[in-house]
Amino acid sequence: MPEAAEASTRRRIRAAGGIASGVDCVGVELRQRRALPGILGPMFQRRKPEPGATGAIEMTGLTLQFGTLVAVDHIDCQVPHGEIFGLLGANGAGKTSTIKMLTTLLPPSAGRACVAGYDVVAAPAEVRRRIGYVPQMLSADGALTGYENLLLSARLYGVGRATRRRRIEDALEFMGLTAFAHRLVKTYSGGMIRRLELAQATLHQPKVLFLDEPTIGLDPVARRSVWERLADLNREFGITILLTTHDMEEAEQLCRDIAILHAGRIAVRGRPAELKASIAPTATLDQVFAHYSAMSEGGRLRDTAQTRRTARRLG
Ligand SMILES: Nc1ncnc2c1ncn2[C@@H]1O[C@H](COP(=O)(O)OP(=O)(O)OP(=O)(O)O)[C@@H](O)[C@H]1O
Ligand SMILES: [Mg+2]
């Protein structure tokens, strides 16, 4: 029941200390528009770039250190508005660390990053208002229903009471979850959970959406349905997407622009076709990845173990 769910959500938000902390609390805005047939509500506006912002994401000498370990090493990279950008790289290459700085969850050790026109250090709240984030680890609460999870997100992201219910219903419909709205998330499949997390991350129409391995552990059908939702979000609403993946088919299907990280640095960047042509006329993206990411090293044991744990949780 929406009223009971709302009361329970309010209690959870109070217990969590309100908007602010944690991975799930990164603010996003998705104004949904009923005018789009059968999909999103009338409030949805195609997002315009911030005045003066040259790219949706701008990194200049961006660096992150954990003690003596340099996880992200002076990255210079600009992602234009409306792009679907793939950040690839072996386990431990620095993908998640980069996303954590761009989503204001970790402060850079050096350098600068701007997202949707705002500096992640100088104006973190402005950045959070304009981004969505689906983290590598599952973030939906299994003890709540899909509807309750969305209600929690709507309140955290400041969606007004008057429009909250309609936006949640539109988001559920868009992600193909209407029939499961009032089932506990712990009974959802991995693919349904990922779609619910996408709905949560886009309830307020973000300008930029960050996805850390969005389809890890999903079967081919579930994976494809996530791809379709992402392509729709990008095409229909102009949302810039930055995603990480180890799935070269996913990168090739979704990303128009790719950077391969190796040991915290960008080893190469370009369109998938350009990258393949740079290796050999018949090269695959797998071969490009192996060439630039020193894949034979296989990643560190700790990184591989974490990836397997994530896959198990989803699978
Ligand atoms: N909180 C932390 N403290 C110390 N080291 C960390 C921390 N988080 C990440 N690292 C290290 O930083 C490096 C980059 O890690 P990161 O998680 O960004 O890699 P990744 O490219 O996302 O890898 P994966 O593909 O396995 O998710 C790794 O060597 C990792 O062990
Ligand atoms: Mg990672």
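1. Core. In this predicted model, the largest nonpolar core has 79 residues. Val115, Ala199, Val208, Phe210, Ile241 and Leu242 touch the most other members. Across the chain, 45% of the 315 residues count as buried.

2. Leu242. Which residues does Leu242 touch, leaving aside those up to four places away in sequence? They are Ile57, Val79, Phe85, Leu87, Val208 and Phe210. Two of these contacts, Val208 and Phe210, are also named among the core members that touch the most others.

3. Strands E7 and E8. E7 covers residues 208-212 and E8 covers 240-244. The two pair in the parallel sense, over five bridges. Phe210 stands opposite Leu242 of E8.

4. Helix on the sheet. Helix H2, residues 95-102, packs on the sheet. The helix touches strand E3 (84-89), E7, E8 and strand E9 (257-262). Its direction makes about 150° with that of E7.

5. Sheet order. The sheet is open and has six strands, in the order E6-E7-E8-E3-E9-E10. Pairing is mixed. In general, strands of a sheet pair through backbone hydrogen bonds, either parallel or antiparallel.

6. Which strands sit at the edges? Strand E6 (131-134) and strand E10 (265-270) do, each pairing on one side only. Direction ignored, neighbouring strands of this sheet are turned by 15° against each other on average.

7. Whole chain. The secondary structure comes to eleven helices and ten strands. Take the contacts between residues at least 6 apart in sequence: 72% of them join residues at least 24 apart.

Notes. Residues are numbered from 1 along each chain as its sequence is written. Chains are lettered from A and ligands numbered from 1 in the order in which they are written. This is a predicted model: local features need pLDDT of at least 70, side-chain atom pairs count only at pLDDT 80 or more; totals for chains, interfaces and linings use all residues. Two strands pair if DSSP finds at least two bridges between them. Helices (H or I, at least four residues) and strands (E, at least two) are DSSP runs, numbered from the N terminus. Axes are lines fitted to C-alpha atoms, for helices over the stretch in contact, and angles run from 0 to 180 degrees between N-to-C directions. Two residues are in contact if their C-beta atoms, placed from the backbone, lie within 7 Å. A residue is buried if 20 or more other C-beta atoms lie within 10 Å of its own, exposed if 12 or fewer, and partly exposed in between; C-beta atoms are placed from the backbone. A nonpolar core is a set of buried Ala, Val, Leu, Ile, Met, Phe, Trp, Tyr and Cys residues joined through C-beta atoms within 7 Å.
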